[in-house]
Amino acid sequence: MIEGIYAFLDDLFGPMIQAHHPIVVVTVAGIMLGGLFTLLNYVLVDQNKVKMLQKKSKEFQKKYKEAQAAKDEKKLKKLQQEQMELMKLQSEVMKDTMFKVTLLTLPIFWIFFGWLRRWYVEVGIVKSPFNFFLFDWFHRLYHSGLPANELGYVGWYIMTSMITGYILRKLLDMG
């Protein structure tokens, strides 16, 4: 079954892979998947609940710091109850994210990532004029044999998808 999916992806993206430098292909993949995953998160997770959680967390932190600074044991005790309510809300948001978003996006990610691996397993996508510790960290992460001044598809994909997701979250006012 997975070979059929890979064949479909070869048909769909094969011409682009053969016509363009790997940095273009992996950048496009990072933008596509980073954007898709961010949009799925935006649609599937209640954004009002997330914003309310962020607001309540900031308010709680402020009250807690004030009570700690004042050494107000009575207020600190009262804040423990508020913290329990906050944790319940955090749990709901996390459950939405984990079950709705992750269960949908993880298979897409692994399939697409596995397909990219077939094309770019030990291909240097980006070269740095010096040995860069972050590149070396990515190499150790997935046991790559690339030199410390080259970044492979894994690292470049992660960077482009994270940047895309960050920009899209800002545009969608997701926090």
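Aromatic contacts

Reply: One aromatic cluster is formed by F109, W110, F113, Y153 and Y157. This is a predicted model, in which local features need pLDDT of at least 70, side-chain atom pairs count only at pLDDT 80 or more, and totals for chains, interfaces and linings use all residues. Residues are numbered from 1 along each chain as its sequence is written, and side-chain values use heavy atoms, with hydrogens and water left out.

Me: How many aromatic pairs does the structure hold?

Reply: There are 9 aromatic pairs. Rings of Phe, Tyr and Trp (its six-membered ring) pair if their centres lie within 6.5 Å; planes under 30 degrees apart are stacked, over 60 edge-to-face, the rest tilted. F13 and W115 form a tilted pair, at 5.8 Å centre to centre and 50° between the planes.

Me: Why does the pair of F13 and W115 tie together parts apart in sequence?

Reply: F13 lies in helix α1 (residues 2-19) and W115 in helix α4 (residues 73-120), so the pair links parts 102 residues apart in sequence. Helices here are DSSP runs (H or I, at least four residues), numbered from the N terminus.

Me: Are F13 and W115 buried or exposed?

Reply: Both are buried, meaning under 20% relative accessible area with a 1.4 Å probe, protein chains only.

Me: And what about F112 and W115?

Reply: Their ring centres are 5.3 Å apart and the planes are at 50°, so that pair is tilted. F112 and W115 sit 3 residues apart in helix α4, about one turn of the helix. F112 is buried, as is W115.

How values were computed:
Helices (H or I, at least four residues) and strands (E, at least two) are DSSP runs, numbered from the N terminus. Buried means under 20% relative accessible area, exposed over 50%, partly exposed in between (1.4 Å probe, protein chains only).
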